[in-house]
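Please have the sequence and the model open beside you.

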Amino acid sequence: MTEVMVDLPEGVAEAIEQRATALGTTADQWLSLVIADVVADVPEEGDGPDDWICR
């Protein structure tokens, strides 16, 4: 698996941590699931009305 590091503004990082804690998980695990869900919805082809999502 590829590891990606992202620097977030303090307020965003705190909001992510609070949401993850409320869901009973860690921020890393929650973000991993959110990103996996977003990637699953990205179309394979870039010729549709949502092709901008791939950019």
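Buried means under 20% relative accessible area, exposed over 50%, and partly exposed in between (1.4 Å probe, protein chains only). This is a predicted model, where local features need pLDDT of at least 70, side-chain atom pairs count only at pLDDT 80 or more, and totals for chains, interfaces and linings use all residues. Residues are numbered from 1 along each chain as its sequence is written, and side-chain values use heavy atoms, with hydrogens and water left out.

Q: Is V4 buried or exposed?
A: V4 is found in the segment before α1. Its relative accessible area is 62%, and the cut-off for exposed is over 50%. V4 is therefore exposed.

Q: Is A15 exposed or partly exposed?
A: A15 is found in helix α1; helices are DSSP runs (H or I, at least four residues), numbered from the N terminus, and strands are runs of E of at least two. The relative accessible area of A15 is 41%.

Q: How many helices and strands does the protein have?
A: The pocket lining draws two or more residues from each of α1 (10–22) and α2 (27–40). For the protein, the count is two helices and zero strands.

Q: What share of the 55 residues is buried?
A: The protein exposes about 5000 Å², with 56% of it supplied by carbon and sulfur atoms (Shrake-Rupley method, 1.4 Å probe). Of the 55 residues, the buried share is 7%.

Q: Which element gives the largest share of the lining of the largest pocket?
A: A pocket is an open set of points on a 1 Å grid over the protein atoms alone, where a 1.4 Å probe fits, with protein on both sides within 12 Å along at least five of seven lines; lining residues have an atom within 4 Å of a point. Here 16 residues line the largest pocket, and V4, D28, L31, S32 and I35 lie nearest its centre. Six lining residues, the largest share, come from α2.

Q: How far apart are the C-alpha atoms of A15 and A27?
A: Along the chain, A15 and A27 are 12 residues apart. Their C-alpha atoms are separated by 9.6 Å.
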